[in-house]
Amino acid sequence: PDVVCLSNALLVGLVRKLKQELRSPVVCMLQGEDYFLDSLPQALRDEAWKMLAERAAEADWFIAPSRYFGELMGRRLRLPADRVRVVFNGINLEGHSTVTSCELRVTSSPVLGYFARMCREKGLDRLVEAFILLKRREQTKNLKLRVGGGCGPSEEPFVNALRDRLKTNGVLHDVEFHPNIDRAAKQEFLKSLTLFCVPALYGESFGLYVVEALASGVPVVQPRAASFPELIEATGGGVLYEPGEVKALADAVEGLLADPEKLRALGEAGRNAVLRDFSARRMAENIAGVFRECSSKRPAFNETEGVFQIANRKSQI
């Protein structure tokens, strides 16, 4: 092959054998591996990161889904900056709304939405607290909350506790939960929203749900952390708030709901940007470009020394 692509950095242990047998450059995707590795017990975590950094030196290039994650993994794996490329993730646009209905959503009872795994790490409990706070304010007393996404046995106790919290505060009747729905139902879910927020508490490498919401013309409110500032900058489809602060989240939601023109403008800008720059086709084209560039610098195998050498680089891999 002209190039070999590994789907994530946890597979870099294959690189040495692949290059010996195929004599082809290897490109490795970066896709949120840090969250998994950091969840390991301390001793195993340190050993895993050390081994990953050693083996990562044998790959030619890496493709990260955001500048944030490329820089983060570059530091943790000790990668030279010129070996990391950034290609935003893309989605299949089929079935997403092509005409925004934000105006109708704003003039009726507004709906704040969440679609991701229903867990603490994604900040669902923070969103619930912000919703309770908003229901106490005069300007947002008619707000509704719709929560969708994956919910398995391990998430059910957390979700049940949130239901109890909402019931105690007298607002459960204005909240809907839509667990484990299919693609078509998810798209209908997104089209029903006025605003979207997943206040993730960890370093999200991309946040595909942001692009999915914007594809349906739904503006987003996201924490000023991880990859979210990049997505807001690239799409113009939302606003940022200080991460971890429930009041700041509530204030951002209330501010947008009080400004229907801005809300519509953000939804329109975000949808147009996704259609232009965040489709699966655009992602494929961008990744193919990286593959072509890497292939053009194809390493030559030195039978005597048993190493690969890049023709236009002094260092050996």
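I began with helix H13, residues 280–296. Helix H13 lies across E1, E2, E3 and E4. I read its angle to E3 as about 170 degrees. I keep in mind that this model is predicted.

Next I looked up helix H1, residues 15–22. Helix H1 lies across E1 and E2. Its direction makes an angle of about 165 degrees with E1.

Then I turned to the sheet under these helices' names. In what order do the four strands stand? I found E1-E2-E3-E4, in an open sheet with parallel pairing. Strands E1 (4–6) and E4 (84–86) are at the edges. Each has a single partner strand, so one side of each has no neighbour in the sheet.

I checked one pair in detail. Strand E2 (residues 26–29) and strand E3 (residues 61–64) run parallel and are joined by three bridges. Within this pair, Met29 stands opposite Ile63 in E3.

Last, I looked up Glu212. This residue belongs to helix H9, residues 208–215. Is Glu212 buried or exposed? Its relative accessibility is 14%. Buried means under 20%, so I log Glu212 as buried. Which residues does Glu212 touch? Leaving out residues up to four places away in sequence, I list Ile91, His96, Lys186 and Leu190.

Notes: Residues are numbered from 1 along each chain as its sequence is written. This is a predicted model: local features need pLDDT of at least 70, side-chain atom pairs count only at pLDDT 80 or more; totals for chains, interfaces and linings use all residues. Side-chain values use heavy atoms; hydrogens and water are left out. Helices (H or I, at least four residues) and strands (E, at least two) are DSSP runs, numbered from the N terminus. Buried means under 20% relative accessible area, exposed over 50%, partly exposed in between (1.4 Å probe, protein chains only). Contact means heavy atoms within 4.5 Å. Two strands pair if DSSP finds at least two bridges between them. Axes are lines fitted to C-alpha atoms, for helices over the stretch in contact, and angles run from 0 to 180 degrees between N-to-C directions.
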